[in-house]
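Biologist: Please take a close look at one part of this structure, the disulfide and its two partners. Then set that part in its wider context.

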Amino acid sequence: MMLVRINMRSALVALCIGVLLLTLFWSRCGELSHRPIGSVLSNGLSDRGGGGEIECLINGEYSVACRRDRDQVYLPFSFIQKYFEVYGKITSTDGVDRFEWSHSYSKVYHPKKKYDPRGTFTTFENYNVEVRERVKCISGIEGVPVSTQWEPRGFYYATQIAQFGLAHYSKNITEPEPRVRIIDDGEKVLGNWIVSKDATISRENDSELKANVLKFSTSELASSQVWLKVNITQDFVLSLDVLFKPNSSLTVVLQNKDKKETVYLHYVTSNQLIYAQDDHIYYGIGTETRWRRITRDLIIDMQKGWALQDRPKRKSPRNKFKISGLVVSGRGAVARVRVSTSEHSAHFLAAAAWLVRAQRARGGWPVPARRHVAPGAADLRPGWHSAMSQGHGISVLARAYYRSGDSTYLRAAQRALLLLDVPSHAGGVKALWMDKYVWYEEYPTTPPLFVLNGFIYTLLGLYDLYVIEGENSISLAKKMFDDGMTSLKTLLPLFDTGSGSFYDLRHFTLGISPNLARWDYHATHVNQLYLLAGLDPDPILLNTARRWEGYMQGKRAAHN
C-alpha cells in the first residue's frame, strides 16, 4: 500500500514537471512565431558561427555593412536602390508587412482606342502644369503659366503654355461637368454688397458686355470699400468680368477653417507679375481700361505666393480653406461673378489666345532664355526656337480651331510649320541625319542632338493639324509628318540601350558619354510609341514599345 502511494506521488510529480516543460516549450514556440524570420535565422546562425555582419567591398573602392547567412550575403536596400536605381517600399495590408520592389517609378498607359486629335492629347489629362515648381505663377494679365525653367525671373515659354492648354483641354473631356455657384449675375442672383460711407455702387446694363453690371467707386482711404461676405468651400476657381480704372483692385479673402489664418489675394491694376508679403499676395492684371474676363484658381494663386516667400508646402489646402469675402476698391465695374470646381475651357482658350498673340512673323515662339544643353554643343542664345514648342503649339491651335471654328487659330497653326523647314543654323529647328533623314529638333544645337521625345511630340502636332485640316486636302503638315515617321522608324533602334532608352543621340553626334533617359522620360517614349503604333502598322513601333516596357520591369536584351 505504501509502495502504491509512493508510485502515485511520483507519477503526479512527473506529470506536473511534464506540464511545466510543455508550457515553457509552447510559449517559446509562440515567441519564435512572432519574431521576424531573419532574426531567428541570425540567432541560429550566430550560435553556429555561420551568420551575422560582414563587410562588403564594392569594386575595391568602398565598403558597405552587410549580413551573412551561410553562403548568402544580404546588402542593404538603401545601397541597392542608389547603385542600381531601383525603387522599393514597405507596405502593410491587413496588418501584414511586405516589401514591394519596382524597377521603375513611372507608369505606362496603353491606348484604349486610336488617337484622335479632336480628343484628349495623349495622357495629358493626368498633367497639372500649374503646380510644377518651375512655374512661378499664372499670369494675371495673360492667364498662362510663367516659367522659371532656365531663368529665375520668369518668362513665357511656349512649350509650357501649350502643355497647360492641352492638359485643361483633355481634362475638360475626361472630367465630369464642374459644379458652379453664382455669386452675382446681375439678374437672378444679386450679391448683398456692403458699402462704406464714402463709397457708392449702382447697377446698370452695359451695352458692350450685354449684361447687368455692378459699378462701384471708393475714395482713396483704406477704409473705403465695397465688399461681399460669402462662405464658400470646395469651389475655388473664381471667374468674373472686370473693367477697372487705374488704381483699382479686387481682393479675395481666404480663411483657414481649422485655425486663425487669413490670406488676402489682391488682383490689382498693375503690370507687376506677382508680389507677396506675409499674408498678402498681389497679382497684376494689367492697366488697360476695358472689359476682361478673369479666371483664377485661388488655391494655386495662394500656393505660388507662399512659394515666393519660401514657405513650406502644405497638403490638401482645398480642404482647409474657404472663401469668406470679396472686396473691390477704386473705380470700375464687375459682372457675372461665379466660382466653380474648374474652368478648363477658359484655361485652354487662354493658352490658345496667347499662342496667337505671341507668334512671330516666321511662325515661331522664341525662347527668351539662354540654354546650355550638352558639353561640346554651343549654348542656345535667347531667341532660339524649339520644335517641341512648334508641335505643342500646333496641337493647341488645331484643337482651338476645331472647337471654335475660328480660322485665326488654323492660320496660326499653319504658320507654325514654317520653322520646321528651316535648318537649325539658320534659326529654325530642322536637322538631318546622314544628310537624309529629317529631324525636328527640340533643342536646335550645332551639332544636332536628335532628342527623341520632343521629336515625337512635334510629329503629333503635325498629325493633329493635317487631320483637323481634312485628310483629303493637300497638306504640308501631312508631308512633314510622313517624312518624320520615316526618320523615326529608321533611327529608332539607335535609341535602344538594351535595358532602357537614350534621351538623345549626343554620343553619336558629339562623341561624348551617352545621355540615358531617366524612367519618366523612358515611360514617355513608351507611351508615345504605343500611340504611334495605333496610327502606323509598321511592327517596329509596337515591338519597340513592348520591349522598352519590358525594360521597366527589369528585363534586359540578351548578351553574347
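Modeller: Start with cysteine 66. Its relative accessible area is 2%, so cysteine 66 is buried. Buried means under 20% relative accessible area, exposed means over 50%, and partly exposed lies in between (1.4 Å probe, protein chains only).

A word on the basis. This is a predicted model, in which local features need pLDDT of at least 70 and side-chain atom pairs count only at pLDDT 80 or more, while totals for chains, interfaces and linings use all residues. Residues are numbered from 1 along each chain as its sequence is written, and side-chain values use heavy atoms, with hydrogens and water left out.

The partner of cysteine 66 is cysteine 56, and the S to S distance is 2.2 Å. The bond links distant parts of the chain, ten residues apart: cysteine 56 sits in strand β1 (residues 51–58) and cysteine 66 in strand β2 (residues 62–69). Strands (E, at least two residues) and helices (H or I, at least four) are DSSP runs, numbered from the N terminus. A search of the whole structure finds one disulfide. Another cysteine, cysteine 137, is buried at 0% relative accessible area.

Now the wider context. The protein chain has 13 helices and 22 strands. Its radius of gyration is 32 Å, well over the 24 Å from the globule rule for 560 residues, so the chain is more spread out than a compact globule. That radius is taken over C-alpha atoms, and the rule is 2.2 Å times the number of residues to the power 0.38. The C-alpha trace spans about 125 × 75 × 45 Å along its principal axes. Of the 560 residues, 46% count as buried.

Contacts come next. A contact means heavy atoms within 4.5 Å. Among contacts with a separation of 6 or more, 61% are between residues 24 or more positions apart.

One is in helix α12 (residues 519–533), which holds asparagine 527. Valine 526 lies in helix α12 as well. Valine 526 is buried at 0% relative accessible area, and asparagine 527 is buried at 15%. Leaving aside neighbours within four places in sequence, valine 526 touches Val108, Ala545, Trp548, Glu549 and Met552. On the same terms, asparagine 527 meets Lys107, Val108 and Tyr109. From valine 526 to isoleucine 161, 365 residues apart along the chain, the C-alpha separation is 24 Å.

The other site is phenylalanine 124, in the loop between β5 (96–102) and β6 (135–138). Phenylalanine 124 is buried, with 0% relative accessible area. Outside four places in sequence, phenylalanine 124 is in contact with Gln163, Leu166, Ala167, Ser170, His392 and Tyr457. Its C-alpha atom is 23 Å from that of aspartate 504, 380 residues apart along the chain.

Last, the surface and charges. The chain exposes about 29600 Å², with carbon and sulfur atoms supplying 53% of it; such areas come from the Shrake-Rupley method with a 1.4 Å probe. The 69 positive and 55 negative charges have mean positions 3 Å apart. Lys and Arg count as positive, Asp and Glu as negative, and His and the chain ends are not counted. Each charge is placed at NZ of Lys, CZ of Arg, CG of Asp or CD of Glu.

Terms used. Disulfide = S-S within 2.5 Å.
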